[in-house]
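Me: I would like to learn how to read charged pairs and helix faces in a model. Please take me through them one feature at a time.

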Amino acid sequence: MLTPVTDEDGAPFWEYAARGELRVQSCADCGELRFPPRPCCPHCQSFASEWRLMSGRGRIWSYVLPHPPLLPEYAAQAPYNAVIVELTDAPRIRLVGNVVAAPDAPLNSVDPSRLRIGAPVKVAFAEIDGVTVPRWLLERG
């Protein structure tokens, strides 16, 4: 699996994920949330920021089932899903990930027929190649 490349702005996201926390960058002056992380607030142009703890709950905003040709590391796991999750407590914030049956389950562990736009999900964290990544578990709606 491909692991994320961290930069200075996004490093805290991955540090919090390693602790099992889903946090989103917010402006320390106007309070607006922003993702992906960046140095300047797009709303008030402040450079002051903080990281707000999220509930870890959301809903599937969109999803796709990738089809060949796929990168070799992913081809063996097809069919798998790639989802965009809209956070419950921050509806303008959307994260990309995968819905899995358990935090460390393979990408193809959820039958694609179970996925629906609007389905409730909750975050789970898995360490992959030394990086803790957020993944998503279906909740009963």
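Reply: Begin with the criterion: a salt bridge is a side-chain nitrogen of Lys or Arg within 4 Å of a carboxyl oxygen of Asp or Glu. The model here is predicted.

Me: How many salt bridges does the structure hold?

Reply: Side chains of opposite charge can pair when their charged atoms come close. In this structure there are five salt bridges.

Me: Which residue forms a salt bridge with arginine 23, and how far apart are the closest N and O atoms?

Reply: The partner is glutamate 21, with 2.6 Å between the closest N and O atoms.

Me: Is arginine 23 buried or exposed?

Reply: The cut-off for buried is under 20% relative accessible area. Arginine 23 is buried because its relative accessible area is 17%. Glutamate 21, at 22% relative accessibility, is partly exposed.

Me: What does the salt bridge between glutamate 139 and arginine 57 tie together?

Reply: Look up where each partner sits. The N to O distance in this salt bridge is 2.8 Å. Arginine 57 belongs to strand S4 (residues 57-64) and glutamate 139 to the segment after strand S8 (131-138), so the pair ties together parts 82 residues apart in sequence. Both partners are partly exposed: glutamate 139 has a relative accessible area of 22%, and arginine 57 has 38% relative accessibility.

Me: Which residue does arginine 59 meet in a salt bridge?

Reply: Arginine 59 meets glutamate 86, at 2.8 Å from N to O. This pair links distant parts of the chain, with arginine 59 in strand S4 and glutamate 86 in strand S5 (residues 82-87), 27 residues apart. Arginine 59 is partly exposed at a relative accessible area of 30%, while glutamate 86 is buried at 12%.

Me: Which residues are linked with Arg59 in a network of salt bridges?

Reply: The network links Arg59 with Glu86 and Arg94.

Me: Now the helix. Which residues of helix H1 are buried?

Reply: In H1 (residues 11-18), the buried residues are Pro12, Phe13, Tyr16 and Ala17. Viewed down the helix axis they fall within an arc of 140°, so they line one face of H1.

Me: What covers the buried residues of H1?

Reply: The cover includes strand S1 (23-27), strand S3 (49-53), strand S7 (120-128) and S8.

Technical notes. Residues are numbered from 1 along each chain as its sequence is written. This is a predicted model: local features need pLDDT of at least 70, side-chain atom pairs count only at pLDDT 80 or more; totals for chains, interfaces and linings use all residues. Side-chain values use heavy atoms; hydrogens and water are left out. Buried means under 20% relative accessible area, exposed over 50%, partly exposed in between (1.4 Å probe, protein chains only). Helices (H or I, at least four residues) and strands (E, at least two) are DSSP runs, numbered from the N terminus. The arc is that of the directions from the helix axis to the C-beta atoms. Contact means heavy atoms within 4.5 Å.
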